[in-house]
Amino acid sequence: MVSVRRVALTRRFAAAVAFAALIIAASTLAPAARSATTTPTASTKLVKRVPAPGAYAVVVSIAAPPTDESVSVFVGSRSALNVPLTPGAGITLAFDVRVHSRRLTVRTVSTGAKAGVTITTSRQPAQSTLPRVVSYGASGSPTGPTGATGATGSTGATIVSPPTGPYKRLVWSDEFNGPAGTAPNPANWSDDSYGGCGDNTLSTNTQSTANAALDGNGNLAITADGGPSYDSAQIDSANHFSFEYGELEARIRLPSNGSGLCSAFWLLGDPTPPGSAPPGACWPQCGEIDVMEAISPYPNSIFATLHGPVSGSSNFQSWEATLASTTAFTGTFHTYGVIWRPGSITWTFDGAPYATATPSTLPSSAQWVFDGHPFHIVLDLAVGGWPGPPAAGAPFPATLDVDWVRLYN
């Protein structure tokens, strides 16, 4: 989209570094270092019933403590050890675990006050049992696997405006099925030559299938090639498909190789009426919802962000949350999503909610501009900018894989 959307990402770089360093350090402590930690003084044990045995995504949120301390979190066979906590800064951790009964036990051991713990879970389907996609139009009648029909804007773009929830009915999707080397469905996506990852972005977005194409295995592959100049791609659904409210998810595999990479799945508000201005022309007033952002220097963290008008701010970043893990998010497919209701946006990881923003969570200088108009979908991979330049000799090409994008109402 417009390069200004990430101008300020470098300004939050220090905070991201600090957070990611904490969780990476906690997950890689040597056994000797673990045994030398301070004797714990408080512990919690929570037991959560789950529908059935199986694989689960588990998100554990630890509230900010009154004083500096550390906490160890045990979820089934997984653990995050000696995670530092500071006043005013809690932590949210993601775990992939296998539950062998209908009871999931989560235990925390801290060196200070008893930790305040919140748990969310989501059972993970086997890949072979992922639901067959059938899209529905505004009337509720099946329209086939290519997408939904519905209200159209002045450009003919499909606009879905579902009710306030719950969002269970699939109304639009792209499964990225097709021969290897073909461009993504032009009825759903356009190549975008703009965008980037803030100041000093090194890559140029192209319209070449060398940088955005189906891989023949049911995925969209967005590929960044090597330097000294870098080519990559950004695709968006502007003037093809937009929506207002619903549950949006994308199953994505972040690149495990490469360096200086910036991956993103996000939503950008449409101008009013749709097609009256180029995509992004009304930013920040139209708003931006970052469903998932990730940078290669910190593979154990993903970021959720809102951008909108903020008085006295040049970056218009009005809210942010971070999800951390003791295992890297890279190299494995995960599902990233948002549940967007009037006055509320909840972020999900593999179906488990982990953060919610409302008008009251924004600073008083910020405007809530995320209701009452449609947004379109953007997927991209950039080189440089917020994560810094690639390391010398870093392996390229690097690929962001997208299995599918789905919207439910």
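Visitor: In what order do the four strands of the open sheet sit?
Guide: The order is 1-6-3-4, and the pairing is antiparallel. Keep in mind that this is a predicted model.

Visitor: OK, and which ones are the edge strands?
Guide: Strand 1 (42-49) and strand 4 (78-85), each of which pairs on one side only. From one strand to the next, the twist averages 15°.

Visitor: How many bridges join strand 3 to strand 4?
Guide: Six, with strand 3 covering residues 69-75. To see one partner pair, find V73: its bridge partner in strand 4 is A80.

Visitor: Switching topic: what's the average pLDDT of the protein?
Guide: It averages 83, and 81% of the residues score at least 70. Over residues 24-38, though, the pLDDT is below 50, and that stretch has 15 contacts beyond near neighbours in sequence. Residues 128-154 are also below 50, with 56 such contacts in the model.

Visitor: Now H373. Where does it lie?
Guide: H373 is in the loop between strand 26 (352-357) and strand 27 (375-383).

Visitor: Is H373 buried or exposed there?
Guide: H373 counts as buried, because its relative accessibility is 11% and the cut-off for buried is under 20%.

Visitor: So what does H373 touch?
Guide: Leaving out residues up to four places away in sequence, H373 touches E244, G269, D270, C286 and W340. A polar atom of the H373 side chain lies 3.2 Å from the backbone oxygen of C286. The H373 side chain also reaches the backbone oxygen of V369, at 3.0 Å.

Conventions: Residues numbered from 1 in each chain as written. Predicted model: local features only at pLDDT ≥ 70, side-chain atom pairs only at ≥ 80, totals over all residues. Heavy atoms only, no water. Pairing = 2+ DSSP bridges. Helix = DSSP H or I, 4+ residues; strand = E, 2+ residues; numbered from the N terminus. Axes fitted to C-alpha atoms, helices over the stretch in contact; angles between N-to-C directions. pLDDT = per-residue confidence, 0-100. Contact = heavy atoms within 4.5 Å. Buried < 20%, exposed > 50% of the residue type's maximum accessible area, 1.4 Å probe, protein only. Polar contact = N/O pair within 3.5 Å; in protein donor to acceptor, adjacent residues only side chain to side chain.
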